[in-house]
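Student: Could you take me through the salt bridges in this one? I'd like a close look at who pairs with whom, and how buried the partners are.

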Amino acid sequence: MTGNLPDNPDFEPSQLAELDDPYPLFRALHAVGPSLQTASGIHCVVGYTAADTVLRDSRFRSGPLAERFRQLLPAGAARDELSHRINFLDPPDHPRVRGLVSRAFTPGRVRDLHSFVARKTEELLDDIGKQGDETIDLRAGLAHPLPSLVISEMLGVPLDDRDQLTEWTEAVTPLLGVQIPREGLERALEASERFAAYAAELLEERRRHPGNDLLTAMVQAHDGQERLSREELLSLVVTLYSAGHRTTRDLFTNGLFILLKHHEQYAAIVADQSLVPGAVNEFLRFETPTQYVARVPVVDVELAGSSIPASTPTLVILAAANRDPNHFAEPDRFDIRRNEGAPLSFAAGPHFCLGASLARMEAEVMLTAVTRRWPRLKLAEPEPSWWSSGPFRGLDHLRVLPGKEK
């Protein structure tokens, strides 16, 4: 990827997949205003208040995005899965499907998972320590495997299959950008077919042999009065696995990288573990793993001084809203003690991320364990490479020098 910034604030969202550092661009966009129209006709919202408004306003819908996939993708598993994703459902389908799945993400359920997350975190860190390497990759050794273990446990997916499922979900990720890419399209379509076949077989197994897991609950909802269609059922399996893994991995890896660039704040957490929740909140704000989400207004809307005609594709750039100088004091300053409310990293309104509390808990457990085990942890590579698909952004790796354990 390149780090080049256009000479003027006119831009297209497709550029976000090409920038190692999008934040200079976001600063330029903030100087223009809280929302703006691109030459291609996409409306982009970058101000915090305007973004929060769009995410909560029922005039902005997600359903038209499902129709886009029906039009642009060939018949098959990818089109079926994406056009039935919970992210792209409107009422009455969205509250029906969300109501069923939300039972797995209650505060009580998240608390129950805490001991599992803590145990797996320590096991992964023990494995890293046994390797005896001076330099370790915390993305590969901890942040990547842990969320897949957790979501596999919740869903009831065999743990031995998690690497294959991760490979399939990451192959499909490029389809979620502002453009359907030509490069990698065949790989994405093939991965969708394979994941759909795997999910169908797994769900049938749960139908024959129910368990105490989310897959069983979804099968029972499909078969019972709380009807889920077959397409919704299969889509939920893929969506929950993908979102439950990627977002938490990049939340922690991106945030820990920034924290280690501000080593005095890392040392502060070592000395005072009560700073961990605030640090994770700042991780989310400062290096947002989900760069943007899309909506479409069903009527003409006036927003922050801009007119948005009905049916205009609208991108809410969460990462830009989280650096809005009109909402956050010195937004480009990383500060784990910042107390200015929640960022928009998990969106807001009816599509607020179902797994937000789980992702926060996992990140907090990982950060607590790492700071306890390696109080003198340092970056081995000051400027690692980044990957971006457009809507999602994260580090390729996070190589660190652990120093001596406590």
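Tutor: Here is a walk through the salt bridges, pair by pair. Bear in mind that this is a predicted model, where local features need pLDDT of at least 70, side-chain atom pairs count only at pLDDT 80 or more, and totals for chains, interfaces and linings use all residues. Residues are numbered from 1 along each chain as its sequence is written, and side-chain values use heavy atoms, with hydrogens and water left out.

A salt bridge here is a side-chain nitrogen of Lys or Arg within 4 Å of a carboxyl oxygen of Asp or Glu, and that rule gives 25 salt bridges. Take R96 and E232, whose side chains meet at 2.7 Å, N to O. This pair ties distant parts of the chain together, 136 residues apart: R96 sits in helix α5 (residues 93–101) and E232 in helix α12 (residues 230–261). Helices (H or I, at least four residues) and strands (E, at least two) are DSSP runs, numbered from the N terminus. R96 is partly exposed at 29% relative accessibility, while E232 is buried at 6%. Buried means under 20% relative accessible area, exposed over 50%, and partly exposed in between (1.4 Å probe, protein chains only).

Next up, E287 and R393 form a salt bridge at 2.5 Å, N to O. They also link distant parts of the chain, 106 residues apart, with E287 in the loop between α14 (276–286) and β5 (293–297) and R393 in strand β11 (residues 393–395). E287 is buried at 5%, and R393 is buried at 2%.

D335 and R333 pair up too, at 2.9 Å, N to O. D335 counts as buried at 18%, whereas R333 is partly exposed at 32%. Finally, E282, R285, R338 and E340 join up in a salt-bridge network.
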